[in-house]
Each structure stands twice: as structure tokens, then as C-alpha cells.
Amino acid sequence: MDENLLGIIAGILTSVSMIPQVIKVLKEKNAEDLSWMMILVLISGLSLWVWYGFINDELPIILSNAFAVLVNIVLLICCIIYKKR
């Protein structure tokens with residue numbers, strides 16, 4: 001299998017993994033069970049992967065991790081909006 005195709009498939013699967021969580025939070029309007037600290041750490045790590053992708057000119061790494069950053073930023077915003085104070 002072509003290594004770029006493998007990277008793209010892996011990136012798609014890991015990037016969309018948080019979408020069901022975002023949908024659940026948006027439907028229930030409840031983020032009590034989410035750790036905002038975990039989301040911040042995840043966004044930080046994903047952002048570093050994007051940077052790594054740019055340094056090494058690796059489009060699959062850049063695209064998949066940039067998409068995952070966006071999904072997790074949405075989740076963090078939901079966490080801020082829907083967590084009870």
C-alpha cells in the first residue's frame with residue numbers, strides 16, 4: 001500500500017474520531033463529563049503535529065491534524081458553553 005494513502009486513511013480515522021462526541025454534546029447540550037484540560041492538551045499535541053507536518057512537508061499529517069484541531073476547538077467551545085458553573 002502506498003504510504004501516503006496509508007497516512008491519509010489513518011489521518012481521516014483519527015480526525016473524525018471526536019465527531020461523535022461533538023454531536024452528542026451538541027444534541028444533549030451537556031459537557032459535564034468532558035475534561036477541558038484533556039481537550040487543551042489534545043489541541044496542543046495536534047497543533048504540534050501540524051507544525052511537524054509543515055516542517056517535513058507532509059500533507060497527510062498537516063490536513064488530518066489541522067482538521068482534528070478544528071473539531072477539538074469546537075468541542076472546547078461546547079465545553080465552555082455547556083458546562084454548568
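Is Lys-29 buried or exposed? I started my notebook with this residue, and Lys-29 counts as exposed at 52% relative accessibility. My cut-offs here are under 20% relative accessible area for buried, over 50% for exposed and partly exposed in between, with a 1.4 Å probe and protein chains only.

**Ground rules**

I am working on a predicted model, where local features need pLDDT of at least 70, side-chain atom pairs count only at pLDDT 80 or more, and totals for chains, interfaces and linings use all residues. I number residues from 1 along each chain as its sequence is written, and the side-chain values use heavy atoms, with hydrogens and water left out.

**The chain as a whole**

I looked up the secondary structure and found 4 helices and 0 strands, in the order α-α-α-α along the sequence. Helices (H or I, at least four residues) and strands (E, at least two) are DSSP runs, numbered from the N terminus. The C-alpha trace spans about 45 × 25 × 15 Å along its principal axes.

Next I checked burial: of the 85 residues in the chain, 28% are buried. The accessible surface comes to about 6,000 Å², and 70% of that belongs to carbon and sulfur atoms. Those areas come from the Shrake-Rupley method with a 1.4 Å probe, and for residues only the protein chains shown count as cover.

I then turned to contacts, meaning heavy atoms within 4.5 Å. Among contacts with a separation of 6 or more, 76% are between residues 24 or more positions apart.

**Two loop residues with positive phi**

Back to Lys-29, which sits in the loop between helix 2 (19–28) and helix 3 (36–55). Its phi is near 50 degrees, a positive value in a residue other than glycine. I made a note of that because most residues other than glycine have a negative phi.

Asp-57 gave me a second case, with phi near 55 degrees. I found Asp-57 in the loop between helix 3 and helix 4 (59–82), and Asp-57 is exposed at 67% relative accessibility.

**Charges**

I counted 6 positive and 7 negative side chains, with the centres of the two sets 22 Å apart. Lys and Arg count as positive and Asp and Glu as negative, while His and the chain ends are not counted. Each charge is placed at NZ of Lys, CZ of Arg, CG of Asp or CD of Glu.

Asp-57 turned up again here: together with Asp-2, Glu-3 and Glu-58, Asp-57 forms a negative surface patch. Patches take residues with over 30% relative accessible area and no salt bridge, joining like charges within 9 Å and nonpolar side chains (Val, Leu, Ile, Met, Phe, Trp, Tyr) within 5 Å. Glu-3 belongs to helix 1 (residues 3–15) and is exposed, with a relative accessible area of 65%.

How many salt bridges does the structure hold? I found 1 salt bridge, the term being a side-chain nitrogen of Lys or Arg within 4 Å of a carboxyl oxygen of Asp or Glu. Lys-24 pairs with Glu-28, and the closest N and O atoms are 3.3 Å apart. The two residues are 4 residues apart in helix 2, so about one helical turn separates them. Lys-24 is partly exposed at 42%, and Glu-28 is partly exposed at 47%.

My last stop was Asn-65 in helix 4. Asn-65 is buried, with a relative accessible area of 11%. Which residues does Asn-65 contact, leaving aside its neighbours within four places in sequence? I wrote down Ser-15, Leu-46, Trp-49 and Val-50.
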